Amino acid sequence: MTNKKETIIRLAISLLIAFALPYTMIFIYIAKCGWTIEGRFYGIICSAAMLCPALANIITRIITKEGTSELTLNLNFKCTKRYYGIALIVPVICSLIIVLCITLFILPSESLGELLKNTNYGEDCSTVLYLISMSLASFIFGFGEEFGWRGYMTPKLEKLMPAPAAIIITGVIWGLWHAPLIACGHDFGKGYWGDPWLGIILMCVSCIGISFYLSALTKATGSSLAAGLAHMSINNITTGLISIILAGLAEDKILKLSTDLNFGFNLTSMSVISVSTAIVGIIILVGLYKRKKRHRKQPGHST
């Protein structure tokens with residue numbers, strides 16, 4: 001069996017497990033509660049689903065007797081700590097850009113001035129620290145996805161194609177993995193034009209951008225840990241901080257948002273996150289490539 005065939009088989013097995021486990025749980029939930037995120041066990045289902053890609057990584061290694069090679073669990077924090085800082089800072093910056101875009105383009109024209117007037121910056125700083133602590137506490141769920149996607153699937157795809165293509169395909173697969181949740185109203189809500197297919201397509205596009213960022217952190221640290229922290233930081237910090245900041249606006253302005261505006265609200269948020277993280281990721285990847293190229297040119301280096 002060639003190495004290429006081995007890689008394809010391992011990819012197929014890991015993807016089958018990564019999709020079959022959460023899809024089974026989600027469709028059991030849908031059969032009981034319907035296509036909604038309001039069901040009693042929705043949060044539990046989402047949290048459990050996030051652990052499935054990691055299980056796919058582990059189970060595939062056992063089935064195929066791959067062992068622990070290329071495990072992406074480097075614990076050398078001393079040399080890579082700046083990337084863990086990036087994992088926490090980028091979502092804060094994204095949140096501020098999202099709030100600016102929403103108040104300028106989605107909400108009434110006077111919203112930005114009202115927001116600046118009513119914002120309590122001391123409370124917001126403490127909120128950021130709280131959300132960071134929440135990301136650390138719930139890190140295991142972000143790691144659950146990243147140990148499967150960036151820690152296993154992307155490296156395997158890179159053995160079959162150039163790295164950028166592997167990252168893009170990872171993003172598409174990752175987006176499709178969310179499809180049943182999007183159909184339930186996750187991220188984009190319900191009732192918008194093209195529901196749920198447009199939401200699924202937009203999720204795939206968004207996941208491509210974020211994949212460049214998470215893949216860059218994984219490559220830079222040699223570990224899925226930084227990507228797992230970044231994943232939960234995006235989930236917790238951006239969502240929480242946007243909600244807290246926008247609480248400075250009058251409630252009636254938020255409550256009057258129609259379905260279309262809510263979709264625009266969510267689309268703006270995901271677009272900013274996707275574009276911003278993609279830019280950061282590409283910068284890191286280019287830096288890693290240049291550093292590797294310089295290392296190859298050093299005297300005495302063998303290729």
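Biologist: With which residue does the side chain of Lys219 meet in a salt bridge?

Modeller: This is a predicted model, in which local features need pLDDT of at least 70, side-chain atom pairs count only at pLDDT 80 or more, and totals for chains, interfaces and linings use all residues. Residues are numbered from 1 along each chain as its sequence is written, and side-chain values use heavy atoms, with hydrogens and water left out. A salt bridge is a side-chain nitrogen of Lys or Arg within 4 Å of a carboxyl oxygen of Asp or Glu. At 2.8 Å, N to O, the partner of Lys219 is Glu158.

Biologist: How many residues apart in sequence are the parts that Lys219 and Glu158 tie together?

Modeller: Helices (H or I, at least four residues) and strands (E, at least two) are DSSP runs, numbered from the N terminus. Lys219 belongs to helix α10 (residues 197-221) and Glu158 to helix α7, so the pair ties together parts whose separation in sequence is 61 residues.

Biologist: Is Lys219 buried, partly exposed or exposed?

Modeller: Buried means under 20% relative accessible area and exposed over 50%, with partly exposed in between (1.4 Å probe, protein chains only). Glu158 has 25% relative accessibility and counts as partly exposed. Lys219 has a relative accessible area of 37%, so its class is partly exposed.

Biologist: What distance separates N and O in the salt bridge of Arg150 and Glu146?

Modeller: Arg150 is buried, with a relative accessible area of 2%, and Glu146 is buried as well, at 0%. Their side chains meet in a salt bridge with an N to O distance of 2.6 Å.

Biologist: How many residues apart in sequence are the parts tied together by Arg10 and Glu66?

Modeller: The side chains of Arg10 and Glu66 meet in a salt bridge at 3.8 Å, N to O. Arg10 lies in helix α1 and Glu66 in the loop between α2 and α3 (77-105), so the parts they tie together have a sequence separation of 56 residues.

Biologist: Which residues are linked with Arg10 and Glu66 in a network of salt bridges?

Modeller: The structure holds six salt bridges. Both Arg10 and Glu66 are buried. The network that links this pair also contains Arg61 and Lys156.

Biologist: At which residue does α10 bend?

Modeller: With an expected span of 1.5 Å times one less than its number of residues, the 25 residues of α10 should span 36 Å, and its end C-alpha atoms are 36 Å apart, which agrees. The bend at a residue is the angle between axes fitted to the seven residues ending there and the seven starting there. In α10 this angle is about 30° at Ile210.

Biologist: How many of the 25 residues of α10 are buried?

Modeller: Buried residues make up 49% of the 303 residues in the chain. α10 is largely enclosed by the rest of the structure, because its count of buried residues is 18.

Biologist: Which element gives the largest share of the lining of the largest pocket?

Modeller: On a 1 Å grid over the protein atoms alone, a pocket is an open set of points with protein on both sides within 12 Å along at least five of seven lines, whereas a cavity is a set where a 1.4 Å probe fits but cannot get out; lining residues have an atom within 4 Å of a point. About 1100 Å³ of space lies in the largest pocket. Two or more lining residues come from each of α2, α6 (139-146), α8 (163-177), α10, α11 (225-246) and α13 (259-297). The largest share, nine residues, comes from α11.

Biologist: How many charged residues are in the lining of the second largest pocket?

Modeller: This pocket holds about 480 Å³ of space. Of its 13 lining residues, the closest to its centre are Lys219, Leu285, Leu288, Tyr289 and Lys292, and α13 gives the most, with seven residues. The lining has eight nonpolar residues and no polar ones, and its charged residues number five.

Biologist: Which elements each supply at least two residues of the lining of the largest cavity?

Modeller: A search of the whole structure finds one cavity of 30 Å³ or more, and about 40 Å³ of space lies in the largest cavity. Among its lining residues are Ser14, Pro53 and Trp149. At least two lining residues each are supplied by α1 (3-33), α2 (42-63) and α7 (149-158).

Technical notes. Points joined across faces, edges and corners; volume = space filled by probe spheres on them. Nonpolar A, V, L, I, M, F, W, Y, C, P; charged D, E, K, R; others polar.
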